[in-house]
Amino acid sequence: MTAAPLPPPQSSTSSDTTSAAKTEADKTPVSALKELVSRLHREQNRIQNLLSSLGFALRSFNNLNQFLEIVPLMAARVTDSDGGALVLLKPNGQARLEQLHCQEGHACQDIRQVLESVTKQMAAEGSQAPVIASYSSGSLKTPDLKAIHFNPSLLDEQLKASLEDDIQLFGTPILIKNEERGRLYVFSRDEEYIWTTTRKKLVQLVADQTAVAIANHELTNELRKKERLDRELEIAAEIQDHLLPSKCPIVEGVELAASCKTANRVGGDYYDFIPASYEQFDPQERQPAASVPWSIVIGDVMGKGVPAGLIMTMTRGMLRAEVLNRHSPSTIVQHLNQVMYVDLENSHRFLTLFYSEYDPKTRVLSYTNAAHNPPLLWHAASQSILKLDTKGMLIGLEPNSDYEDAQIQLESGDTIMYYTDGFTDAVNQEGDRFDEEGLIQVFEWCCRQGYRPQALLNQLFKAVKEFSGEDSPRGDDMTVVVMQVL
């Protein structure tokens, strides 16, 4: 029997080498995966840091130009491109190259020249393009100038056609309220550069931040403009307050009360008390003698706000100068109409005016009406209400309008209420007007109760407020003057 030979013993070195090779082969995919994950994590952190920096700049920069300078830089870095460019739409509808950035080691002077050349060429062609109106569905349509001057698709096509073949250009819109206000571009000379979905989203994110910055800048400018206008309105309101009588004058034998409440800060209502002769001013008190005739006037400029307030101011100055001529009421208003006609016609506005003159010695009220709401007279002796009215046109309607004079003898207890149409035009929640009937009811009730002028005035404003609603805005200026013979 022959013994079988034993297998040769394996070398320990050979076994160790095989085991190490096997282990190394097993570790290679794991290491590669870990390295890939680590690299992706670093890239993600880098992009997050860049976007955080952009957000910080958006919050911190007060100057829009400072923020716009870094936009192409951020767009280039988050997309690993050679550079970025920002093209914005100017207010006149033309495009311009706002900023351009090239990554370190990349030249982009040729790209800058192409961008500037194409945007200028499009602006020139847009400004020279014939403006053609189209007629559709019975209405004349004019072209959108922005569409003529700035066509995003056409801009992209011309840029790509003008750039060298080795340059890849990608763009995304900058939208503000769904209106394209510019384009954000990135470019690369790398043939293997791919405009991936992720890169599109990142550039769009930068573009959205840019849109927010531009919108915030415009809102800030609008706010500053509004603040300036508000301040100017405050000054205009202060001036108007000073032009209206600060208090009622002391007139012999009568008691007066007056108030003007404007719908806006500046109003078009006007009332005034004008002494017949300024020679009778006391040098110390600067107060006319109570026994001299007094002109009591109330007016209403068509419209509200600053334009109406300016005309009111003009009316006041001209009327005060005209009163000194000592003409009859109708002649004074006729002269006022002739002087103001051209200015009122140019401004497309008119003026209603009731002018009266009261003589304390005779208790006679002389008056004329230029299409204003007729004042209401409570005749104490007959316990009845009369309207003080004459024929006359609006001031500013015809240059040679004629006006009539009228007079009435007043007695003790008689009360006159001058007012503007802000009272009669007041409406409630159902749309009903306060109207002249409502005004007469309140006036008559107050007179029967024996109200003095200030109490009557307060009751009138209270009644209109209750009718319209506590929180309802004032639709028109409201002015009232009450005169009661003692």
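The model is predicted: local features need pLDDT of at least 70, side-chain atom pairs count only at pLDDT 80 or more, and totals for chains, interfaces and linings use all residues. Residues are numbered from 1 along each chain as its sequence is written, and side-chain values use heavy atoms, with hydrogens and water left out.

**Overall**
- The protein chain has 10 helices and 16 strands. These are DSSP runs numbered from the N terminus: helices are H or I with at least four residues, strands E with at least two.
- Of its 486 residues, 42% are buried, meaning under 20% relative accessible area with a 1.4 Å probe, protein chains only.
- Among contacts with a separation of 6 or more, 67% link residues 24 or more positions apart. Contact means heavy atoms within 4.5 Å.

**Sheet E8-E9-E10-E11-E14**
- Five strands form this open, antiparallel sheet. Two strands pair if DSSP finds at least two bridges between them.
- Strands E8 (269-275) and E14 (406-409) are the edges; each has a single partner strand, so one side of each lacks a neighbour in the sheet.
- Neighbouring strands are turned by 15° against each other on average, direction ignored. Axes are lines fitted to C-alpha atoms, for helices over the stretch in contact, and angles run from 0 to 180 degrees between N-to-C directions.
- Seven bridges join E10 (residues 351-359) to E11 (residues 364-370). Leu-353 has Ala-370 as its bridge partner in E11.
- Helix H7 (residues 305-323) packs on this sheet, touching E8, E9 (294-301) and E10. The direction of H7 makes about 20° with that of E8.

**Sheet E7-E16-E15-E12-E13**
- This open sheet also has five strands with antiparallel pairing.
- E7 and E13 (384-387) stand at the edges with a single partner strand each, so one side of each is without a neighbour in the sheet.
- The twist averages 15° from one strand to the next.
- Five bridges join E15 to E16. Tyr-418 has Val-481 as its bridge partner in E16.
- Helix H9 packs on the sheet, touching E12 (376-379), E13 and E15. Helix H10 touches E7, E15 and E16.

**Helix H10**
- H10 (residues 453-468) reaches 23 Å from first C-alpha to last, close to the 22 Å expected. The expected span is 1.5 Å times one less than the number of residues.
- Its buried residues include Leu-456, Leu-460 and Val-464.
- Gly-469 follows H10, with a positive phi near 115°.

Note on methods. Buried < 20%, exposed > 50% of the residue type's maximum accessible area, 1.4 Å probe, protein only.
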